[in-house]
Amino acid sequence: MGLHKGVIDMEKKITDIFGTLVFDEEVMEERLAKDTFRELQKTIKEGKSLNIKIANAVANAMKDWAVEHGATHYTHWFQPMTGVTAEKHDGFIGTNKNGKVILEFSGKELIKGEPDASSFPNGGLRATFEARGYTAWDPTSYAFIKNGVLCIPTAFCSYSGHALDKKTPLLRSMQAINKQTLRILKLFGNENVKNVKTTVGPEQEYFLVDKKYYEQRKDLIYTGRTLFGAPSPKGQEMEDHYFGTIKSRVQEFMNDLNEELWKLGVLVKTEHNEVAPAQHELAPIFSTTNIATDHNQLTMELIQRIAKKHGLVALLHEKPFDGINGSGKHNNWSLSTDTGVNLLEPGDTPHENAQFLLFLCAVIKAADEHQDLLRLSVATAGNDHRLGANEAPPAIISVFLGDELAEILKAIEEDRPYDSKEKEVMKIGAHVLPKFPKDTTDRNRTSPFAFTGNKFEFRMPGSSSSIAGCNIVLNTVIADELKEFADILEKAPDFSSALHALIQGTIKEHKRIIFNGNGYDDSWVEEAKKRGLLNLRTTPDALPYFIKENNIELFKRHKVFDEEEVHSRYEIMMEEYVKILHIEALTMVNMSQKEILPAVSQYSYDLAQTCAMKTEVAKLENVYEKETLKDVSALLDQAFKATKHLDKVLKEAEAIEDFEKAAFYYRDEVIPAMSALRTPCDELETLTAENVWPFPTYGKLLFGIL
């Protein structure tokens, strides 16, 4: 009885706190007049504009609710192209005509804000002195309270109307794929579907380290990753951390994190230890893409903030430790109708199978024709360390379907029965297609883009990135293929024949992108090259594809980006790559000059003194001291020369004004110079006494949480 009561109490606690800090549909219905609520729902679900009278009523109810929950300020919470969120807090406080203090919040303030946009990345969309920017309420993503502030999710644009954020183009891309999907569904007789949304479930990986060790490492503080560090005696080779027992201190952190995210309506469900020591993962239930993006930004923020309360620091960098698995963010993507149908569910009938296969072919075709955009959507300096490093998908785009689904497509391509017992040639929509359940094959963790039953898992995004970027691309490129399909099928005199020919032709033309094998195997690189697939290994390799004419036209065609917005993002991403590497290189020089070289020099002096004393005074052998001194001195000279060289190439890099040339210079000159400095320093760590080495080692960082 006691155990049963405990279960009930816990269930009640979770249901009682879930969404308590969210101004969601239930709260709206309770606090708004019926006609006001009805009009707001039309805005949320149908995209109808909201008149100022309704906006004022919503704003007043939202303010009252927020104040009851302890909020004194509100902010338009937006996502500029910095990769993190931004907020400017304004108080509800005001005065009436008698000068008395009142709390107020108008519909105008709810719908539109005007933050200073001068210091946000803009990629040349406006001059620095043109400071005006506007935030516009996204009513499809509920307002919430964070740290005593009412946060209103918004889009962010310039005075001229250009998107300065990640949310605006994401919403545009969702609108584009909705439009084209509805065209396809009508061809299949689905007249009752009014709206289609992409849904996402992003799995978030991260590392936890003890705060006291973190604070002793400039590289972690300034860059989020270790720029120096020899392997510890034990790494991840035992794989005993994966799904292992979660340490009490980490579990306490996870419990607090879950509770705070549940209050904000974030559907976090899964938590576990990852492969690498000190690495963990958190995964939510699927939600609409723009909401999932908002929630993932909140998740990253809260992971970092709550970790500190437990004396921990969360590392979201893609590769915090050399030689140890990095962290990704698997983007599980699907399409769902407002009638509750997942369009990537194979289905139980020939009609549903035919529809499913058409959508499947659209995804396959999109992945093949737009490999460049998919790759560049996840391109960052941090992710370059991870992709293709035998721990994550390679930088080559391919699609995993599993053996059974691949065989079905092959049968369609060759116009033959899938089932050997079937006597008739299979024709889409005319003859019975095989019913196949989801998850008919093993999961392929080496694939960058894998079909996993009723969704596609895009495994390439980095752990610190906003998922907006990759979903903008996914939505747009698939919308474009659906548009092409709809253009063909709407004009066809015989729908069934045209459908069969379209699916069959698509499979024949784009089967090169399908690969069910081991993406970590070196032979795949050669095989991919033979197939004509791109292998864009680094960010500077990938980003120039963004501004190719055909890609600009693609985004313009679906009104996701105009030409200026594409060029601005290209410039921002290239400059970000340069800035990140510049900070890392400066940090390496600083740590070498001020910490490593002085510490090892002193250690060399101590060795020499000990060696001399043993020889002259005690007449003892000094093989250890002499040999160690010899090795340390040689490596010390190497490290000194490498430091000087890195400093030199860094100064040369600083003189390059053109951001494109600078990016390639950092890739070709600065990164090799950084590697050349790290090599002797890491070896010095293995020879230098532990009490002399100036900062915590990998052993302490990875295994320091007890």
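A residue is called buried when its relative accessible area is under 20%, exposed when that area is over 50%, and partly exposed in between, as computed with a 1.4 Å probe on protein chains only. Helices (H or I, at least four residues) and strands (E, at least two) are DSSP runs numbered from the N terminus. The structure is a predicted model, in which local features need pLDDT of at least 70 and side-chain atom pairs count only at pLDDT 80 or more, whereas totals for chains, interfaces and linings use all residues. Residues are numbered from 1 along each chain as its sequence is written, and side-chain values use heavy atoms, with hydrogens and water left out.

In a regular strand the side chains alternate between the two faces of the sheet. Strand 14, formed by residues 312-315, is covered on both faces, with Leu312 and Ala314 buried on one side and Val313 and Leu315 buried on the other. Two strands are taken to pair if DSSP finds at least two bridges between them. By this criterion strand 14 pairs with strand 10 (residues 196-210) in the antiparallel sense over 4 bridges, and within this pairing Ala314 of strand 14 stands opposite Leu208.

In the hairpin of strand 8 and strand 9, 2 residues lie between the strands, and Asn147 takes a positive phi near 55°.

For helix packing, axes are lines fitted to C-alpha atoms, for helices over the stretch in contact, and angles run from 0 to 180 degrees between N-to-C directions. Angles under 35 degrees count as roughly parallel, over 145 as roughly antiparallel, 65 to 115 as roughly perpendicular and the rest as oblique. Helix 14 (residues 403-413) packs against helix 16 (residues 495-510) at an angle of about 110°, with the axes 9 Å apart, and the two helices are therefore roughly perpendicular to each other. Contact, defined as heavy atoms within 4.5 Å, is made by Leu409, Ile412 and Glu413 of helix 14 and by Ile503, Gln504, Ile507 and Lys508 of helix 16.

Helix 15 (residues 468-491) and helix 19 (residues 549-557) pack at an angle of about 85°, and their axes are 10 Å apart; helix 15 and helix 19 are therefore also roughly perpendicular to each other. On the side of helix 15 the contact involves Val473, Thr476, Val477 and Asp480, and on that of helix 19 it involves Leu554, Phe555 and Arg557.

Two individual residues were also examined. Arg375, located in helix 12 (residues 371-376), is buried, with a relative accessible area of 1%. When residues up to four places away in sequence are not counted, the residues that Arg375 touches include Asp384, Met460, Arg537 and Ala542. Glu683, by contrast, is partly exposed, with a relative accessible area of 42%, and has its place in helix 22 (residues 659-687). The C-alpha atoms of Glu683 and Leu635 are separated by 7.7 Å, although these residues are 48 residues apart along the chain.
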